[in-house]
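Subject: Structure handover

Hello,

Please find the structure below. Notes on what was found in it follow.

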Amino acid sequence: MMQALYETKNATLEDALLASLAPDEPWSMIERFTTLVRESSSEDERRAFNYVADRLGALGVPYTMHMPEQFLSVPIKASLEAGGATYRAKTPGFSISTPAGGISGEAIVIEGFAAGRSVDFFDFSPTTEVDVEGKIVVVDGFGGPPPVWYFQNKGAKGAIFINPGVDIHWGICTTIWGAPDLDNYHRQPTIPVVSINRPDGEALLAQLENGLSDVTLRAELKEGWFECPCLVAEIKGSVEPERFVLVHGHMDSWDIGIGDNAVGDATLLELARIFNDNRDKMARSLRVAWWSGHSTGRYGASTWYADAFGLDLARNCVAQMNIDSPGCRWATEYRDVTVMSEVEDFAAQSVLDSTGKGFSGERPHQAGDYSFNNIGISSLFMLLSSMPQAKIDELGFYGVGGCGANIAWHTENDTLEIADKDNLMRDLRVYATSLQRLLNNPVHPYDFRKLTAEFKDTLDKYAKAAGDEVDFGACYDALDDLNGALEGLYAQTDQLASRAVDDPAVRACNDALLALARELVPINYTRKGRFRNEPAVRVPELPDLAPALDIANADHHMRRVTRTHLVRGVNRVAWAFESSANIVRAALEKIII
């Protein structure tokens, strides 16, 4: 029944867009960016933004260059000294700077993260409790926000992370999303952090096993408020110009960052070119945005945009699409692609139609300029194509967060050879196909029944864990009511899909779909509520209810604290389901088939 929503309703336009894709513009941009170290607040970053603005101007694409203030932490240099040896190191953004002489202390190795169990980018669950008060922890893995936050709160004096390979990866260790506010400024890291590579890490571990105690960390960072560019092009549609799709990616990079994210920046420029050339055939508007502060500002510009244009986004944004690390070397599969449940089937159809390839999706991580979950915007993509697992195994690569799974990610090795022109053009077909359908198909391609099925599974998991401690009945009842209302709505969509975009019944249906997203996306991805940012750590499904998984093992006091929390969570979740059902029923009264 839903297939009619996923397939193109304007095959002529889609064919023309795909036929007009060409490598000249994007590849010229990628080659230019091989000369620019696009660190946020730097002159090279300004040059990169000006390059894109100049090209947009030459192509006749309207744009605005914003200059927001962002709170940045830019690594300058770092080192580690142990037993007379000095190890090459990098410090992540938002580590603290040490005094010139460094910070010294007793090193303690945190067991349980060797080889196949390195620290996660989004979560951290130590296998054993260790007293780290006043010590410098040595941890196997990447020094991301969750472990740094964990060890800081346990009283650690500093942290050393041993990266998996011969290269050291740049990164960022704050849990604050975007610029700090009164709710979260206290979460800024307060300890120095350095990362070293695997061979040096093995040497350090051997020294510690042989009786070495003290080590010295040195870290220097540039931190403060900086004006940085934020470039947004807007191509107006002709039927519903106030409604828009936001497609975006980050301009800043570690070193020259070709696979992360010069390829994405070039993709955005090519999309702006082809859609602007066909703007008279677009029903809705397209906004194309290039962000600064992605790395050293923890999604600084995208969060600023979500703040500054929050009401417009809430009223009119149809979908947001993030573009990061497309078109990389050996990246030929579409597996575990970031996508929200309600749009997963649409994404899979777009990939199949444009490339002939299969597709599998995964729940969005709290990462990648997904700065719009709190507004409630249905979202698709982040990283897109990736290399096959067999190729990863053949090369002996470990998991990274971009570059199509190439381990050059966040290193000096992310150079021109990481980009692949053929893969880039194939990925461009996916983006162009998806955008064309979002902009021009009459009915928005969202099946919220897939999301409610996910909710049912999540409720079952939490209710089983909570046992008799909490009654989830209100959530189940409201979810059943919502499912019944959705069946009534989707019974109409096949016929609506063949009508015009400006048909009043189509508009009523689309208004309801966007209102559903505004209710159901925040309840699934936020605890803070609308227009407030979550920390940059893993957010579980229906997060207000997730503590149900811990209640059985809680002591007397914490069991009651958790129960109180869950009762309030049940109210929030049930109310969102109930409100969503009312949205659908109100829309059905306006839809006349």
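By class, the lining of the largest cavity has three nonpolar, six polar and two charged residues. In this classification Ala, Val, Leu, Ile, Met, Phe, Trp, Tyr, Cys and Pro are nonpolar, Asp, Glu, Lys and Arg are charged, and the others, Gly among them, are polar. This is a predicted model, in which local features need pLDDT of at least 70 and side-chain atom pairs count only at pLDDT 80 or more, while totals for chains, interfaces and linings use all residues. Residues are numbered from 1 along each chain as its sequence is written, and side-chain values use heavy atoms, with hydrogens and water left out.

The lining of the largest cavity consists of W177, Q366, Y370, S371, N373, N374, Y525, T526, R532, N533 and E534. The largest cavity holds about 70 Å³ of space, and the whole structure has three cavities of 30 Å³ or more. On a 1 Å grid over the protein atoms alone, a cavity is a set of points where a 1.4 Å probe fits but cannot get out; a pocket is an open set with protein on both sides within 12 Å along at least five of seven lines; lining residues have an atom within 4 Å of a point. Points are joined across faces, edges and corners, and a volume is the space filled by probe spheres set on them.

The second largest pocket has a volume of about 590 Å³. It is lined by 22 residues, of which D123, R527, V537, R538 and P540 are the closest to its centre. By class, this lining has 13 nonpolar, two polar and seven charged residues. Helix 5 gives the largest share of the lining, three residues. Helices here are DSSP runs (H or I, at least four residues), numbered from the N terminus.

Helix 14 (residues 473–496) and helix 16 (residues 556–588) pack at about 25°, with axes 8 Å apart; axes are lines fitted to C-alpha atoms over the stretch in contact, and angles run from 0 to 180 degrees between N-to-C directions. Helix 14 and helix 16 are therefore roughly parallel (angles under 35 degrees; over 145 is roughly antiparallel, 65 to 115 roughly perpendicular, and the rest oblique).

Helix 7 (residues 258–277) and helix 12 (residues 421–440) pack at about 50°, with axes 10 Å apart. Helix 7 and helix 12 are therefore oblique to each other.

Regards

Methods. Helix = DSSP H or I, 4+ residues; strand = E, 2+ residues; numbered from the N terminus.
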